[in-house]
Amino acid sequence: MSDELNINKKRNDQIKTKSSATSGRGETDIDYVRPAELPEQDLYHGHSFITKWIFCQDAKVIGVQYTLTAVFTGVVGLILSWMMRMQLGYPDLFPFLTAETYYQMVTMHGMIMVVYLLTALFLGGFGNYLIPLMVGARDMVFPYVNMISFWMFFVAVVVLMASFFVPGGPTGSGWTLYPPQAILEGTPGSGYGILLMLISLSLFVIGFTMGGLNYVITILQARTRGMSLMRMPLTIWGIFTATVLALLAFPALLVSSIMMTLDKVLETSFFMPTIIKAGEALSYDGGSPILFQHLFWFFGHPEVYIVALPAFGIVSDLISVHSRKNIFGYRMMVWAIVGIGALSFFVWAHHMYVSGMSPWFGFFFATTTLIIAVPTALKVYNWILTLWRGNIRINTVMLFCLGFIVTFVNGGITGIFLGNVAVDVPLSDTYFVIAHFHMVMGIAPLMVIFGAIYHWFPLVTGRFLDEKLGKWHFWITFLGAYSIYFPMHYLGFIGVPRRYFEMYDSPYMTSAVGMNEFISLAAFIVGAAQFIFFYNLVKSLRLGKPAGKNPWKANSLEWLTPDVPPTHGNWGEKLPVVHRWAYDYGVPGAKEDYIPQTTAPSEVKDAEVEKT
Amino acid sequence: MFTGLVFLAVIIGSIIFHVWTPWWWTDIASNWSAMDDTIILSFWIGGGVFILVCLFMVYCIFRYQYKEGRRSEYKPEDKKLEKGLTWLTTIGVVALLAPGLVVWNNYIRVPDNAIQVEVMAWQWGWKYRLPGQDGKLGESNNRIISDDNPYGLNIDDPNGKDDVFVESNELHLLKDRPVKILLRSIDVLHNFYVPQFRSKMDAVPGTITYYWFEPNKNGEYEVLCAEYCGVAHYAMRGKVVVEDEVSYNKWLSEQETFSSFTAKNRNNKLNKKKLVKINNLSNNKNSILKEQDVR
């Protein structure tokens with residue numbers, strides 16, 4: 001104990017001497033960076049296998065744990081989607097696919113993919129791994145709480161998966177869990193299934209809140225010297241804003257989960273009006289099903305951006321690094337992220353145009369929803385303007401970025417259809433909606449996730465992923481997914497409603513049969529292609545080409561650690577000092593086509609840097 | 001080269017698919033052609049943006065592919081370009097939003113001459129109630145639904161006496177006469193949706209919601225439930241018949257009114273036991289489902 005104190009004292013003394021040395025001069029030093037105000041964080045270093053790899057407090061390990069758990073749930077979600085497509089493409093061919101199981105799979109697929117895969121992966125996975133590294137911190141500010149956050153998430157996943165094995169099976173109420181049906185007989189899993197779902201969600205929110213506070217405070221408080229907010233990589237801006245959204249939005253999910261649990265267990269009537277079942281009135285009275293929808297979407301719409309904003313941030317960085325060009329309009333990008341985040345709290349009821357809420361809301365929410373299209377479109381322009389006059393490496397990472405741009409623009413534009421209230425009337429609750437949100441918040445973020453994994457795998461493991469397998473993986477995934485969801489919009493135009501176990505012989509449906517078969521086939525192939533990726537991960541872990549330091553010639557801090565892969569504490573002896581933003585690529589006058597963030601101006605005197 | 005070509009093929013393929021798709025909306029049978037028009041407008045503007053953005057991307061792939069030793073342009077910001085793009089986008093968004101809001105305004109304002117029709121949804125089927133001669137529907141309350149009063153009507157409300165009960169999945173409507181659909185549900189959320197009419201709205205238990213349309217083409221249309229309502233959601237179909245006055249009146253005269261129902265009911269009270277049973281389950285696909293459930 002006294003040793004630690006001494007070390008701290010020494011550090012403090014160092015800080016003091018440094019600051020007096022710099023402040024004494026009249027002429028400003030071009031390499032000047034504000035002195036540190038706080039002593040460095042002390043970290044708990046694990047000694048045993050358990051403290052190093054299981055109950056670990058290192059954010060990087062926690063990030064990997066989050067990633068692996070999330071990917072596991074993603075595989076479950078993928079298998080569920082295969083089974084759904086078996087039914088939709090070839091109805092009645094598989095006797096084990098009843099309407100009950102179908103609806104259970106629909107529900108679990110949706111919830112797993114949105115919450116347990118995408119949210120956990122972007123914030124828990126990428127957030128944990130990248131935040132301390134990219135802002136130049138040794139770790140998250142509360143490593144212990146961070147560890148608990150992961151284990152809460154883990155328990156939430158266990159509870160969720162347990163619902164597959166309870167009597168009645170998992171809930172089949174649709175991922176939106178709309179009451180009254182979610183907790184009434186007539187919906188599969190309305191007993192234990194829905195309860196476990198609500199408990200699991202509550203655990204997830206609690207776990208996430210612990211992690212989320214960590215991310216926000218680390219970004220605000222633990223940035224290294226010189227890392228001003230407007231020098232942060234956009235990845236961090238995306239994750240930061242998304243985390244703030246999540247901290248504000250998840251409580252709405254938590255209260256609605258708790259209230260619905262009470263409605264289920266104690267027969268309170270938060271969301272339950274008078275209900276007649278089999279000719280008898282149930283004990284409920286006076287509750288409002290629409291209230292639940294407001295609460296759910298107050299969480300649910302920011303949730304879309306909780307997934308999208310980190311994806312926006314990450315893809316900006318990937319595009320910039322691999323086209324060897326500064327991100328175009330950095331400041332606009334930052335304000336767009338923040339603006340989209342703020343606006344996302346004012347658009348939730350565009351999911352409810354035909355829910356029976358006051359129709360006058362339609363005007364307000366259509367307007368806010370279309371306003372949000374403006375900053376979003378600007379981001380798209382800035383991505384393609386970053387490619388413009390760049391020096392584009394067409395590698396797997398870049399391919400996934402390009403795939404992201406195509407799918408995101410496509411899905412974004414169909415979003416304008418659905419957000420525009422009168423257009424939503426014929427299209428809502430049809431396959432158009434399914435196609436839209438899979439394109440924009442399924443495929444597009446997944447493209448970013450894959451791109452990011454191909455990009456940062458060398459940092460995490462020290463080895464490259466196999467480029468050839470990667471390209472196969474990309475082309476099958478992108479072309480396959482596009483041919484699943486692009487034609488699916490047209491099913492929606494016909495009027496095919498979503499969540500239909502079977503269409504029977506509706507007169508206008510006959511033409512859709514062939515398309516359903518085609519979509520199913522494409523879905524099987526795309527799903528199978530993911531196993532190329534998993535094989536690539538496992539293979540490259542041991543046999544991949546060694547990457548060495550900063551293999552992509554990137555500028556941001558995570559590539560500048562003394563050890564690759566970075567060890568606990570990240571930075572060895574001394575924390576890095578930041579002199580510039582993360583996007584000095586192709587600066588005229590500089591020797592290399594990139595200038596890392598830690599490079600002092602005096603080292604690159606000839607470089608004509610515009611923005612730092 | 002290869003990459004650019006494939007992306008180009010994806011864009012061209014999308015356009016070709018859109019132009020020659022055999023999958024398109026059903027022939028419209030109501031007054032809401034403005035909704036179709038707004039969709040078409042969205043296609044022109046949105047589709048145009050999609051194509052331009054993607055083509056620009058493909059151009060960059062071709063033109064700026066990596067070359068050793070080449071430097072990319074260093075230009076962190078271009079205020080003028082960014083401003084221009086912001087305004088252009090704003091104009092596009094307004095061009096889409098304005099017609100959308102106008103159509104929505106029409107959608108929520110029901111014309112005065114609309115006939116009121118109550119659609120009552122239950123797990124899993126539809127039934128209907130029409131106002132009698134007075135053109136007014138009687139007050140209702142789910143709490144007092146019983147075998148004697150299947151719609152839960154207020155017995156003291158004189159408007160309800162002549163209300164017409166249509167206890168079947170099939171509803172008839174007059175051609176060229178606006179209808180105000182009043183939606184009720186006795187259990188969970190449902191949604192009364194006929195693709196050919198383009199319009200829809202949820203039925204929410206505990207409240208009455210509405211929308212309107214004017215059927216303008218004779219024919220039979222399938223009703224789909226468009227809000228997930230439990231395991232037989234997909235089988236919750238109904239039928240709407242749009243017809244001319246003569247056949248409509250004939251159909252109407254065959255239906256029962258509240259007062260005649262009550263009178264008849266008093267006579268053979270013993271016949272009816274539960275609400276569920278009177279909802280002629282047999283001619284519905286639900287029976288298939290019931291079997292499935294048992295299995």
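This is a predicted model: local features need pLDDT of at least 70, side-chain atom pairs count only at pLDDT 80 or more; totals for chains, interfaces and linings use all residues.

User: Why is His473(A) called buried?

Analyst: A residue is buried if 20 or more other C-beta atoms lie within 10 Å of its own. His473(A) has 25 other C-beta atoms within 10 Å, so His473(A) is buried.

User: Where does His473(A) sit, and which residues does His473(A) touch, not counting residues up to four places away in sequence?

Analyst: His473(A) lies in helix α14 of chain A, residues 467–494. With those sequence neighbours set aside, His473(A) touches Ala529(A), Ile532(A), Phe533(A) and Asn536(A). Each of these contacts has C-beta atoms, placed from the backbone, within 7 Å.

User: How far apart are His473(A) and Phe153(A)?

Analyst: In sequence, 320 residues apart. In space, 29 Å apart, C-alpha to C-alpha.

User: What makes helix α13 of chain A largely enclosed by the rest of the structure?

Analyst: The count of buried residues. Of the 31 residues of α13(A), 27 are buried, so α13(A) is largely enclosed.

User: Where does α13(A) bend, and what follows α13(A)?

Analyst: Helix α13(A) covers residues 431–461 and bends by about 40 degrees at His455(A). After α13(A) comes Gly462(A), with a positive phi near 85 degrees.

User: How is chain A divided, and how do you know that domain 1 and domain 3 of chain A are in contact?

Analyst: Chain A has domain 1 (53–224), domain 2 (291–393) and domain 3 (394–547). The contact shows in residue counts: 18 residues of domain 1 of chain A meet 16 residues of domain 3 of chain A. On the domain 1 side, α3 (59–89) and α4 (99–135) of chain A each supply at least two residues. α3(A) gives the most, with 9 residues. By class, this side of domain 1 has 13 nonpolar, 4 polar and 1 charged residues. The centres of the two domains, taken over C-alpha atoms, are 20 Å apart.

User: How many residues of chain A and chain B are in contact?

Analyst: 98 residues of chain A are in contact with 84 residues of chain B. Helix α10 (residues 361–387) of chain A gives the most to the chain A side, with 13 residues. That side has 61 nonpolar, 24 polar and 13 charged residues.

User: What are the domains of chain B, and how far apart are their centres?

Analyst: The assignment gives domain 1 (2–64 + 78–108) and domain 2 (115–294). Their centres, taken over C-alpha atoms, are separated by 40 Å. The contact takes 9 residues from domain 1 of chain B and 14 residues from domain 2 of chain B. The domain 1 side has 5 nonpolar, 3 polar and 1 charged residues.

User: Why do β8 and β11 of chain B stand at the edges?

Analyst: Start with the order of this open sheet of 6 strands: β8-β5-β1-β2-β3-β11 (chain B), with mixed pairing. β8 (209–213) and β11 (256–257) each have a single partner strand, so one side of each is left without a neighbour in the sheet.

User: How do you know that β3 and β11 of chain B pair?

Analyst: Two strands pair if DSSP finds at least two bridges between them. Strand β3 (residues 164–166) of chain B and β11(B) have 2 bridges, so they pair, in the antiparallel sense. In β11(B), Glu256(B) stands opposite Phe165(B).

User: Which strands pair with β1 of chain B, and in which sense?

Analyst: β1(B) and strand β5 (residues 179–185) of chain B pair in the parallel sense over 7 bridges. β1(B) and strand β2 (residues 125–130) of chain B pair in the antiparallel sense over 5 bridges. The bridge partner of Val119(B) in β2(B) is Tyr128(B). With 2 residues between them, β1(B) and β2(B) form a hairpin.

User: What makes β1(B) mostly covered?

Analyst: The share of buried residues: strand β1 (residues 115–122) of chain B has 6 of its 8 residues buried.

Terms used. Residues are numbered from 1 along each chain as its sequence is written. Chains are lettered from A and ligands numbered from 1 in the order in which they are written. Two residues are in contact if their C-beta atoms, placed from the backbone, lie within 7 Å. Ala, Val, Leu, Ile, Met, Phe, Trp, Tyr, Cys and Pro count as nonpolar, Asp, Glu, Lys and Arg as charged, and the others, Gly among them, as polar. A residue is buried if 20 or more other C-beta atoms lie within 10 Å of its own, exposed if 12 or fewer, and partly exposed in between; C-beta atoms are placed from the backbone. Domain bounds come from an automatic or database domain assignment. The bend at a residue is the angle between axes fitted to the seven residues ending there and the seven starting there.
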